[in-house]
Amino acid sequence: MSSTEFMTLIALATVGSVTPDPNTTLSAALAANFGLRRALPFVCAVPVGWGVLLILNTAGLGAVVLSPPCVGACCSRVFSICRGWHGNWPTRTA
């Protein structure tokens, strides 16, 4: 890995670790509403779930799932339909 790639990776990891994503927001909301003790299982399950996804995809599960031509086309169509549907939601005005 070149130094440019490494610095890009460091920048991505830094930005990714400080910006709130849905998991961080949900963890904070759970802890604020129910206390840390009740939110701790979710807080611990998030990195475990991401780790399992990373290991399975590294092992090649994603390629196996998408290898049949019909699966890739079906996933693409479903994604397009979902994006179109979510894009047509009315926006709230204040």
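The model is a predicted one. It contains 5 helices and 0 strands, and 3% of its 94 residues count as buried.

**Overall make-up**
- Along the sequence the elements follow the pattern α-α-α-α-α.

**Helix 2 and helix 3**
- Helix 2 spans residues 22-34, and helix 3 spans residues 36-58.
- The axes of helix 2 and helix 3 come within 8 Å and cross at roughly 165°.
- Because angles over 145 degrees count as roughly antiparallel, helix 2 is roughly antiparallel to helix 3.
- The crossing of the two helices is right-handed.
- On the helix 2 side, the contact is made by Asn23, Leu26, Ser27, Leu30, Ala31 and Phe34.
- On the helix 3 side, Leu36, Arg38, Ala39, Phe42, Val43, Val46 and Trp50 make the contact.
- Sorted by class, the contact between helix 2 and helix 3 has 10 nonpolar, 2 polar and 1 charged residues.

**Leucine 40**
- Leucine 40 lies in helix 3.
- With a relative accessible area of 40%, leucine 40 is partly exposed, because that class runs between the 20% limit for buried and the 50% limit for exposed.
- Leucine 40 and leucine 30 are 10 residues apart along the chain, and their C-alpha atoms are separated by 8.9 Å.

Key:
Residues numbered from 1 in each chain as written. Predicted model: local features only at pLDDT ≥ 70, side-chain atom pairs only at ≥ 80, totals over all residues. Heavy atoms only, no water. Helix = DSSP H or I, 4+ residues; strand = E, 2+ residues; numbered from the N terminus. Buried < 20%, exposed > 50% of the residue type's maximum accessible area, 1.4 Å probe, protein only. Axes fitted to C-alpha atoms, helices over the stretch in contact; angles between N-to-C directions. Parallel < 35°, antiparallel > 145°, perpendicular 65-115°, else oblique. Left-handed = near helix turned anticlockwise from the far one by under 90°. Contact = heavy atoms within 4.5 Å. Nonpolar A, V, L, I, M, F, W, Y, C, P; charged D, E, K, R; others polar.
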